[in-house]
Amino acid sequence: MKRAFDILASGLGLIALSPLFAVLVIWIKADSNGPVFYRQVRVGRGNRDFRLFKFRSMRPDSDKLGLITVGGHDPRVTRSGYYIRKYKLDEFPQLINVFKGDMSLVGPRPEVRKYVDMYTPEQMRVLSVRPGITSLASIRYRNENNILAASDNPDKTYIEQVMPDKLAIDLEYVGKASLWTDIKLIFSTFREIIVH
């Protein structure tokens, strides 16, 4: 049922959001040089790599300066990217990943290999389900960029504090995942975006 829901919802979402996608494509291209989509290798279900789609919100080759984004005014973020990230519009192309089967609408957020290689055997259980566009951990850590921006060593703070806490929350989800839980998390995500 979860996979059927993902296919139906992502397919309808891609159709319904296509006018918005067209506007964002024009905005991104007019604002800075580089591709419209940002494709990054992430780790998915079964510890397998896949390419995650996002609308590009940073300058090309920003990954070379670090994998963590710090604060809303990271100098690598483009002018359009600031608003695209603020309202989570950069995440919408992941509906393509959901439709393809790489991801689910709800599930632990997919991580880059660098950090997955640091997981304990218990934390690796998050890879037993498809990663998601949204999760309870991502809702609770909606201000993650600001937390990291306040740190003298963002990478260390992420590895030692943020990542373990998010994984603990994700493991709770894995233990009691259901379609009803997913639907509630989807509505909670929309509420967070609208309110904040």
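**A tour of the aromatic residues**

Select Phe37 to begin: with a relative accessible area of 34%, this residue is partly exposed, because that category lies between 20% and 50%. The model on the screen is a predicted one.

Next, consider aromatic pairs. A pair of aromatic rings is described by the distance of the centres and the angle of the planes. The count for this model comes to 6 aromatic pairs. In one of them, Trp27 and Tyr83 are stacked, at 6.4 Å centre to centre and with 25 degrees between the planes. Trp27 belongs to helix α2 (residues 18–31) and Tyr83 to helix α3, so this pair ties together parts that are 56 residues apart in sequence.

Return now to Phe37 and Phe55, which also form a stacked aromatic pair, with 5.4 Å from centre to centre and 10 degrees between the planes. Since Phe37 is in strand β1 (residues 37–43) and Phe55 in strand β2 (residues 49–55), the pair ties together parts that are 18 residues apart in sequence.

Finally, select Trp27, Tyr83 and Tyr87. These residues form a nonpolar patch on the surface, and their accessible area together is about 310 Å². Helix α3, where Tyr83 is found, spans residues 79–86. Trp27 is partly exposed, at a relative accessible area of 36%, and Tyr83 is likewise partly exposed, at 41% relative accessibility.

Methods:
Residues numbered from 1 in each chain as written. Predicted model: local features only at pLDDT ≥ 70, side-chain atom pairs only at ≥ 80, totals over all residues. Heavy atoms only, no water. Patch = residues over 30% accessible without salt bridge, like charges linked within 9 Å, V, L, I, M, F, W, Y side chains within 5 Å. Areas by Shrake-Rupley, 256 points an atom, 1.4 Å probe, with all protein chains shown as cover. Salt bridge = Lys/Arg side-chain N within 4 Å of Asp/Glu carboxyl O. Helix = DSSP H or I, 4+ residues; strand = E, 2+ residues; numbered from the N terminus. Buried < 20%, exposed > 50% of the residue type's maximum accessible area, 1.4 Å probe, protein only. Phe/Tyr/Trp six-rings, centres within 6.5 Å; stacked < 30°, edge-to-face > 60°.
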